[in-house]
Amino acid sequence: MTDISHIQAFLLCETPDAWVQAAVKDLRIILIDHATNEMKAAQSAMTLISKNPHKLDILNKMSRLAREELLHFEQVLKILKNRKIAYQSIKASPYALTMVRHARKGQQESLVDTLIIGAIIEARSCERFHKLAPHLDEELSKFYLSLLKSEARHYQDYLALAEQYSSEPIATRVDAFLQLEQAAILGPDPLLRFHSGVPV
C-alpha cells in the first residue's frame, strides 16, 4: 500500500468515521460524485493550461494530470456500468467553493491560491481513498488503493507549482485554506458527497 503519511501530516484532520460509515452505506452516491470529481479535476487542469499558455511547467504537469483524471473518470464510469448504476448529475458539495470564495483576485495571487486549493483537494481525495478502501468490496478497494500514488503526486505537483509562482512563502496561505478545509470536513453537512462533511 502506498505510504500517505506525508499527506496525513499535511491535512489538519482525518476523515471522520461517521462519514466513512455513511459513505459505505450509500456507495451509489459516492461513486457518482467520484466520477464527477474526476471530470471536474480534468476541467480545472485544462483551465489552468488555457490561462497560462506561456508557463511550460504548468502546461506539462497539468496536461498529464488532466489525462490521468480523465482516465480515472472512465474507470469509475466502467464501475458504475458494471454495477448497473446510472451516471447522472447531482448537486455538488460546497466543499471546494468553501475555499475558492477566499481566493485572491490578482492574477498571480489567484494562480497561487488556485494551485494551493488544488493541492488540498487532491490530498483529501487521497486520504479518503485510503480511509475508505478497507471497508469496501475487493474490486472497489483495489481500485481506490490504485489511485493513491497518482493522487499523491497531483498534490505534490500543485503545491510545488504554488511555491514556484508565489512571490512570498506560501505557508500562511496554505494554513488559511487548510483551516477552511478542516471546518468543511468536520462540520455538519446535509449532503453526502465524496468531499462532504459529517452527515446530519
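**Note on helix packing and salt bridges**

1. Helices here are DSSP runs of H or I with at least four residues, numbered from the N terminus. The axes of α6 and α8 come within 8 Å and cross at roughly 160°, each axis being a line fitted to C-alpha atoms over the stretch in contact, with angles that run from 0 to 180 degrees between N-to-C directions. That angle makes α6 roughly antiparallel to α8, since angles over 145 degrees count as roughly antiparallel, under 35 as roughly parallel, 65 to 115 as roughly perpendicular and the rest as oblique.

2. Before reading further, please keep in mind that this is a predicted model, in which local features need pLDDT of at least 70 and side-chain atom pairs count only at pLDDT 80 or more, while totals for chains, interfaces and linings use all residues. Residues are numbered from 1 along each chain as its sequence is written, and side-chain values use heavy atoms, with hydrogens and water left out.

3. Helix α8 covers residues 148-165, and its 18 residues should span 26 Å at 1.5 Å a residue, which agrees with the 26 Å between its end C-alpha atoms; the expected span is 1.5 Å times one less than the number of residues. Of these 18 residues, 13 are buried, so that α8 is mostly covered, where buried means under 20% relative accessible area, exposed means over 50% and partly exposed lies in between (1.4 Å probe, protein chains only).

4. Which residues does E181 touch, not counting residues up to four places away in sequence? They are L11, Y95, M99, I120 and R124, where contact means heavy atoms within 4.5 Å. E181 is found in helix α9 (residues 171-186) and is buried, with a relative accessible area of 1%. Although E181 and M99 are 82 residues apart along the chain, their C-alpha atoms are separated by 6.9 Å.

5. The structure holds 10 salt bridges, each defined as a side-chain nitrogen of Lys or Arg within 4 Å of a carboxyl oxygen of Asp or Glu. In one of them, the side chains of E181 and R124 meet at 2.6 Å, N to O. This pair links distant parts of the chain, with E181 in helix α9 and R124 in helix α6, 57 residues apart, and both E181 and R124 are buried.

6. K131 and D17 also meet through their side chains in a salt bridge (3.6 Å, N to O). Because K131 lies in helix α6 (residues 107-132) and D17 in helix α2 (residues 17-25), the pair ties together parts that are 114 residues apart in sequence. K131 counts as buried at 17% relative accessibility.

7. Another salt bridge joins R83 and E139, the closest N and O atoms being 2.7 Å apart. R83 lies in the loop between α4 (56-82) and α5 (95-100) and E139 in helix α7 (residues 138-146), so this pair ties together parts that are 56 residues apart in sequence. Both ends can be judged by their accessibility: R83 counts as partly exposed at 27%, and E139 counts as partly exposed at 41%.

Technical notes
Helices (H or I, at least four residues) and strands (E, at least two) are DSSP runs, numbered from the N terminus.
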